[in-house]
Amino acid sequence: MCGIAGVYVKDRSHGFDLDALSSYLLLGIETRGRDATGYGVIDWEGQEKIEKYAVPAYTFNQFRDPITNDARIILLHARYTTQGTELENENN
């Protein structure tokens, strides 16, 4: 049991606050897993950023790096541990 949400930005002039939207989506999928939370982002230049920690989404949102409005693809994840300990971040 895990939660996955995503955002695909079709046009750079979207006008959305992608960081706030991502926070909202993470809180929405938190019930699917509270053992770890993370995100992956690809911006318009193809640069990737991944951040993940063994904490619930509520806590993750309080200290994670912000997702900037130059993100093109955002993948969000909330993990419920079924195999592999969440204390080893590679599993998250």
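Helices (H or I, at least four residues) and strands (E, at least two) are DSSP runs, numbered from the N terminus. The structure described here is a predicted model.

## The sheet

Tyr8 is found in strand β1, and this strand belongs to an open sheet of four strands in the order β1-β4-β2-β3, with antiparallel pairing. The edges of the sheet are formed by β1 (2-8) and β3 (48-53), each of which pairs on one side only. From one strand to the next, the twist averages 10°. Strands of a sheet pair through backbone hydrogen bonds, either parallel or antiparallel.

The pairings may be taken in the order of the sheet. Strand β1 is joined to β4 by seven bridges, and the two run antiparallel; Cys2 has Arg79 of β4 as its bridge partner. Strand β4 (residues 71-79) is in turn joined to strand β2 (residues 36-43) by eight bridges, again in the antiparallel sense. Within this pairing, Thr37 stands opposite Ala78 in β4. Six bridges then connect β2 with β3, also antiparallel, and here Gly40 is placed opposite Ile50 in β3. Strands β2 and β3 form a hairpin with four residues between them, and Gly46 in the turn has a positive phi of about 90°.

Strand β1 has a covered face made of Gly3, Ala5 and Val7, and an uncovered face made of Cys2, Ile4, Gly6 and Tyr8. Tyr8 has a relative accessible area of 52% and is therefore exposed, the cut-off for that class being over 50%. Together with Ile42 and Ile73, Tyr8 makes a nonpolar surface patch of about 270 Å².

## Helix α1 and Ser23

Helix α1 (residues 18-29) lies across β1, β2 and β4, and runs at about 25° to β4. Ser23 lies in this helix. With a relative accessible area of 17%, Ser23 counts as buried, because buried means under 20%. Leaving aside residues up to four places away in sequence, Ser23 touches Asn61 and Arg64.

## Salt bridges

Side chains of opposite charge can pair when their charged atoms come close. A search of the whole structure finds three salt bridges, which are set out below.

| Salt bridge | Closest N to O distance |
|---|---|
| Glu45 and Arg12 | 3.2 Å |
| Asp65 and Lys49 | 3.0 Å |

Glu45 forms a salt bridge with Arg12. Glu45 lies in the loop between β2 and β3, and Arg12 in the loop between β1 and α1, so the pair ties together parts that are 33 residues apart in sequence. Glu45 is exposed, at a relative accessible area of 52%.

Asp19 counts as partly exposed at 22% relative accessibility, while Arg64, at 8%, counts as buried. Arg64 is also one of the residues that Ser23 touches.

Asp65 forms a salt bridge with Lys49. Asp65 lies in the loop between α2 and β4 and Lys49 in strand β3, so this pair ties together parts that are 16 residues apart in sequence. Asp65 is partly exposed, with a relative accessible area of 37%, and Lys49 is likewise partly exposed, with a value of 33%.

## Ala71 in strand β4

Ala71 lies in strand β4 and is buried, with a relative accessible area of 0%. Not counting residues up to four places away in sequence, Ala71 touches Val9, Leu18, Val41, Ile42, Asp43 and Trp44. Among these contacts, Ile42 also takes part in the nonpolar surface patch with Tyr8 and Ile73. Ala71 and Ala57 are 14 residues apart in sequence, and their C-alpha atoms are 20 Å apart in space.

Notes
Residues numbered from 1 in each chain as written. Predicted model: local features only at pLDDT ≥ 70, side-chain atom pairs only at ≥ 80, totals over all residues. Heavy atoms only, no water. Pairing = 2+ DSSP bridges. Axes fitted to C-alpha atoms, helices over the stretch in contact; angles between N-to-C directions. Contact = heavy atoms within 4.5 Å. Buried < 20%, exposed > 50% of the residue type's maximum accessible area, 1.4 Å probe, protein only. Patch = residues over 30% accessible without salt bridge, like charges linked within 9 Å, V, L, I, M, F, W, Y side chains within 5 Å. Areas by Shrake-Rupley, 256 points an atom, 1.4 Å probe, with all protein chains shown as cover. Salt bridge = Lys/Arg side-chain N within 4 Å of Asp/Glu carboxyl O.
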